[in-house]
Amino acid sequence: MSDILNKAIVLVLNRNWQAVNVRTPQEAFCMMATNVATALEIEGENHVRAVTWDEWIALPIRPQDYAVQTVHGPIRVPTVIVAVNYAKVPKKRSKLCARSIRERDDNRCQYTGRVLPPDEGSLDHVLPRSRGGKNSWDNLVWSSKEVNARKGNRLPHEAGLKLLATPRTPKELPATAAIRNAHGVPEWRLFLRE
């Protein structure tokens, strides 16, 4: 059972059927059993219906379904649930990491403007850490490794460099924009842009 639960992940929609989060099967079952959420029974694009917990536990297990074994028999793991009393679309900001900085800066060295493959770039602290610079959106830029090495512990102007743009904190985006269908769940394609 734990192997199935480790592989499966459940997409959570708000009551307007907009993707807002993902949950584990255990969390989804808890939400359904307490009537916080209903599951969606999906059979193709034209057959989607909300199903309550009492009805869900009686549904047959199809060949493509994950299921968990309980003392009362197997229960299908839902792929999509709807939080029935939740209407918001939360906003999220990317986590501060090298990948996020690289994406924010469009894979460009912020000193030369050259587009860099990921392995040719690195994070540069505009104000070096040795001089009090922090790991923050407005102090980190994507730079070529050669330029970063040349800059060293200096400020850009001290190294004869100039930033192409002032680094900024990215805007928060709707949570839907951050949800990826990494496992290729067919039912999720109805609710997420690929």
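**Pro90 and the rest of the chain**

Modeller: Let's start at Pro90, which is found in the loop between β7 (80–83) and β8 (91–92). Strands here are DSSP runs of E, at least two residues, and helices are runs of H or I, at least four residues, both numbered from the N terminus. This is a predicted model: local features need pLDDT of at least 70, side-chain atom pairs count only at pLDDT 80 or more, and totals for chains, interfaces and linings use all residues. Residues are numbered from 1 along each chain as its sequence is written, and side-chain values use heavy atoms, with hydrogens and water left out.

Colleague: What does Pro90 touch, leaving out residues up to four places away in sequence?

Modeller: Pro90 touches Val20, Leu173, Pro174 and Ala175. A contact means heavy atoms within 4.5 Å. The C-alpha atoms of Pro90 and Ala19 are separated by 9.8 Å, and these two are 71 residues apart along the chain.

Colleague: Why is Pro90 classed as partly exposed?

Modeller: Because its relative accessible area is 23%. Buried means under 20%, exposed over 50%, and partly exposed in between, with a 1.4 Å probe and protein chains only.

Colleague: Now Phe191. Where is that?

Modeller: Phe191 is in the segment after α6 (175–178). Its relative accessibility is 16%, so Phe191 counts as buried.

Colleague: Which residues does Phe191 touch?

Modeller: Not counting residues up to four places away in sequence, they are Leu11, Leu13, Trp17, Ala19, Leu40, Ile42 and Val80. Phe191 and Asn14 are 177 residues apart along the chain, yet their C-alpha atoms are separated by 11 Å.

Colleague: Is Cys109 buried or exposed?

Modeller: Cys109 is buried, because its relative accessibility is 0%. Cys30 is exposed, because its relative accessible area is 52%.

Colleague: And the whole chain? How many helices and strands?

Modeller: Six helices and eleven strands. Of the 194 residues, 39% count as buried. The C-alpha atoms fill a box of roughly 70 × 30 × 30 Å, taken along the principal axes.

Colleague: What is its radius of gyration?

Modeller: The chain has 23 Å, but a compact globule of 194 residues would have one near 16 Å. The radius is taken over C-alpha atoms, and the globule rule is 2.2 Å times the number of residues to the power 0.38.
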